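Here is a short briefing to read alongside the model.

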Amino acid sequence: QADTALYRAKSSGRNTFHFYRPSMQLLADQHLAMEKSLHTSLQNNELYLHYQPQVNQDFQIIGAEALLRWQHPDQGFVPPDQFIPLAEETGLILPIGRWVLEQACFQLSRWEKEGLCPENFRLAVNISARQFEHGNFIDSLNEVIQQTGANPDLLELELTESLLISSLESTIEKMEAIRAMGIALSIDDFGTGYSSLKYLKKMPISQLKIDKSFIADLLTDTNDKAITETIIAMANHMKLQTIAEGVEDADVMEQLIKLGCYHFQGYYFSRPVSVENYTELLKVQKLPLAR
Ligand code: C2E
Ligand code: MG
Ligand code: MG
Ligand code: MG
């Protein structure tokens, strides 16, 4: 009942009379307040990126994932899982996503100029479905590459399975245009969405990123192990790379190596860190073995 009321209130616009229970009203107010402050977050410099290292089995850095952070003036740190869906819903993900791409590419070009990028280095940027599907996306990507001087061969876009189900033809066309620029494509949170294997086969992607929900209990949950094993085997057959996210300890890393996955990201190696700290890691190239 309550959910229905909230839904109706949302879809009928702001100037309508609502039969909220007080708690629902509060939720809606918070939602609106959050939306309002998200609007100004960019110009108020409240957004920034953190970088989480990706490593190989020798703990050498092979890349990073850029992760968006929001330091709200009153509420403090707001996790992306809370504000990204809101940004998607409101369309704010378009300017915000563009800003993320600019920041990441700018940083990438600096790292390359400073000679800090190891061979085969890649910086991964998350792209939401709404951003990818926008008619301007390819132009915008080109502009950012031009403006920042980033080397597209060192850039990777993380896409989610949700866009794989909407209009296959145009998705593949866009992916091919991106690949033609030299940019790599990775499917994020793989295994949690609805992608059809038939479609996957047709897509010019280079990597599957195994979702952390399968990695967390890899050693104890036989289903998670079976799923992970299957994803890795399939990727190998399709000549796709795999990377596991959410690797939190040595045993999980070891198990992944046994299953044939040699690229990792997770707290075991490093949390997402500031640009300064990540730059320091790049200078050493190899991670001091994690905590
Ligand atoms: P994601 O793209 O799947 O990113 C991985 C998430 O897992 C990050 O959460 C990261 O901090 C977290 N993580 C990394 N290693 C571990 C680990 O060992 N254990 C656990 N429990 N978690 C780990 P974060 O930074 O909170 O981001 C959450 C999600 O928000 C991201 O999931 C992504 O979907 C979205 N997001 C973040 N930045 C952006 C962005 O710039 N654009 C878009 N469109 N989405 C973004
Ligand atoms: Mg990601
Ligand atoms: Mg992920
Ligand atoms: Mg995720």
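In this predicted model, helix α4 passes helix α6 in a right-handed crossing, meaning that the near helix is turned clockwise from the far one by less than a right angle. Helices here are DSSP runs of H or I with at least four residues, strands are runs of E with at least two, and both are numbered from the N terminus.

**The helix pair**
- α4 covers residues 93–113 and α6 covers residues 137–148; they pack at about 35°, with axes 9 Å apart.
- Those axes are lines fitted to C-alpha atoms over the stretch in contact, and angles run from 0 to 180 degrees between N-to-C directions.
- On the α4 side, the contact (heavy atoms within 4.5 Å) is made by R98, L101, E102, C105, F106 and S109.
- α6 contributes F137, S140, L141, E143, V144, I145, Q147 and T148.
- Seven of the contact residues are nonpolar, four polar and three charged, where nonpolar is Ala, Val, Leu, Ile, Met, Phe, Trp, Tyr, Cys and Pro, charged is Asp, Glu, Lys and Arg, and polar is the others, Gly among them.

**Magnesium ion, ligand 2**
- E65 (OE), N126 (OD1), E158 (OE) and D188 (OD) coordinate this ion at 2.0 to 2.2 Å.
- Donors are N, O and S atoms within 2.8 Å of the metal (3.2 Å for Na, K and Ca), and water is not among the atoms, so sites may look incomplete.
- Along the chain, the donors of ligand 2 are spaced E-x60-N-x31-E-x29-D.
- Distant parts of the chain are linked here: E65 lies in strand β2 (residues 61–72) and N126 in strand β4 (residues 122–126), 61 residues apart.
- E65 is buried at 4% relative accessibility, whereas N126 is partly exposed at 27%; buried means under 20% relative accessible area, exposed over 50% and partly exposed in between, with a 1.4 Å probe and protein chains only.

**Magnesium ion, ligand 3**
- D188 (OD), D189 (OD) and E245, listed with two OE donors, coordinate this ion at 2.0 to 2.7 Å.
- The spacing of these donors reads D-D-x55-E.
- D189 in strand β6 (residues 184–190) and E245 in strand β8 (residues 241–245) are 56 residues apart.
- D189 is partly exposed at 25%, while E245 is buried at 7%.

**Where the two sites meet**
- The two magnesium ions are 3.8 Å apart, and D188 coordinates both.

**Reading notes**
- Residues are numbered from 1 along each chain as written, while chains are lettered from A and ligands numbered from 1 in the order written.
- Local features need pLDDT of at least 70 and side-chain atom pairs pLDDT 80 or more, while totals for chains, interfaces and linings use all residues; side-chain values use heavy atoms, leaving out hydrogens and water.
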